[in-house]
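Open the model in your viewer and keep the sequence beside it. The stops below say what to select next and what is there.

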Amino acid sequence: MRRVVVLTICLLLLSVSVARAEFYRWVDKDGKEFYTNERAQVPKEYQNTVATVNPDESRVSVGEKPAIPRKPATSLKDHKDKYGKGEEHWRKRSAKLRKELAALEDKYDLILKQEKENESKPKKLTANGSSHKKKSRTSTEKKKTALEKDITRKKHELEVELPEEARRADAYPGWIRE
């Protein structure tokens with residue numbers, strides 16, 4: 001009887017199957033990747049974007065047997081979004097928007113500088129007795145207001161619209177950062 005129990009325990013220990021756990025991957029709004037083996041640990045806002053990850057058995061090394069070296073399927077440079085656009089496309093778009101925003105900000109700074117210079121100059125009266133400065137102030141104020149609106153629009157395009165478009169296209173978020 002004792003032999004049967006010992007033999008049964010040995011057979012049970014030898015026949016232990018390989019335990020597999022599922023791993024989950026998600027990318028946050030900043031483009032950082034996270035992995036877990038418990039789906040409950042995935043934040044609620046990323047539950048619909050979580051992907052199941054299957055480990056590559058050829059990369060696992062057990063005991064004396066080394067992992068089989070192999071070439072990665074695609075490099076990051078070769079990766080394309082779901083519309084076939086790569087990193088270069090997204091980097092050029094974000095660089096163009098940054099350049100346009102910088103130009104608008106430079107114009108705005110120039111107007112502020114001119115406004116300061118005009119304030120320091122003495123007022124000149126015209127023939128009808130009104131100040132010439134009032135007229136230039138209103139045009140300067142109009143230019144300044146228009147530039148403020150343009151800057152706000154361009155910032156929104158760069159900081160909100162472009163990242164959202166990249167997210168919908170499954171482009172890497174790092175492609176649109178500086």
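Which side chains are joined by a polar contact of 2.5 Å? They are those of T36 and Q41; a polar contact is a pair of N or O atoms within 3.5 Å, where, within protein, one must be able to donate a hydrogen and the other to accept it, and residues adjacent in sequence count only if both atoms are side-chain atoms.

This is a predicted model, in which local features need pLDDT of at least 70 and side-chain atom pairs count only at pLDDT 80 or more, while totals for chains, interfaces and linings use all residues. Residues are numbered from 1 along each chain as its sequence is written, and side-chain values use heavy atoms, with hydrogens and water left out.

**Stop 1: T36**

A polar atom of the T36 side chain lies 3.2 Å from the backbone nitrogen of E38. T36 counts as buried, at 6% relative accessibility (buried means under 20% relative accessible area, exposed over 50%, partly exposed in between, with a 1.4 Å probe and protein chains only). Leaving aside residues up to four places away in sequence, T36 touches E22, F23, Y24, W26, Q41 and V42; contact means heavy atoms within 4.5 Å.

**Stop 2: the sheet**

T36 sits in strand β2, and T36 is the bridge partner of Y24. Now select β1, residues 23–27, which pairs with β2 in the antiparallel sense over 4 bridges. Strands are DSSP runs of E with at least two residues, numbered from the N terminus, and two of them pair if DSSP finds at least two bridges between them.

**Stop 3: the aromatic pairs**

The structure holds 2 aromatic pairs. Select W26 and F34: the pair is stacked because the ring centres are 5.5 Å apart and the planes are at 15 degrees. Rings of Phe, Tyr and Trp (its six-membered ring) pair if their centres lie within 6.5 Å; planes under 30 degrees apart count as stacked, over 60 as edge-to-face and the rest as tilted. W26 is buried, at 7% relative accessible area, whereas F34 is partly exposed at 34%.

Then select Y172 and W175, an edge-to-face pair with 5.1 Å from centre to centre and 75 degrees between the planes. Y172 is partly exposed at 31% relative accessibility, and W175 is buried at 4%.
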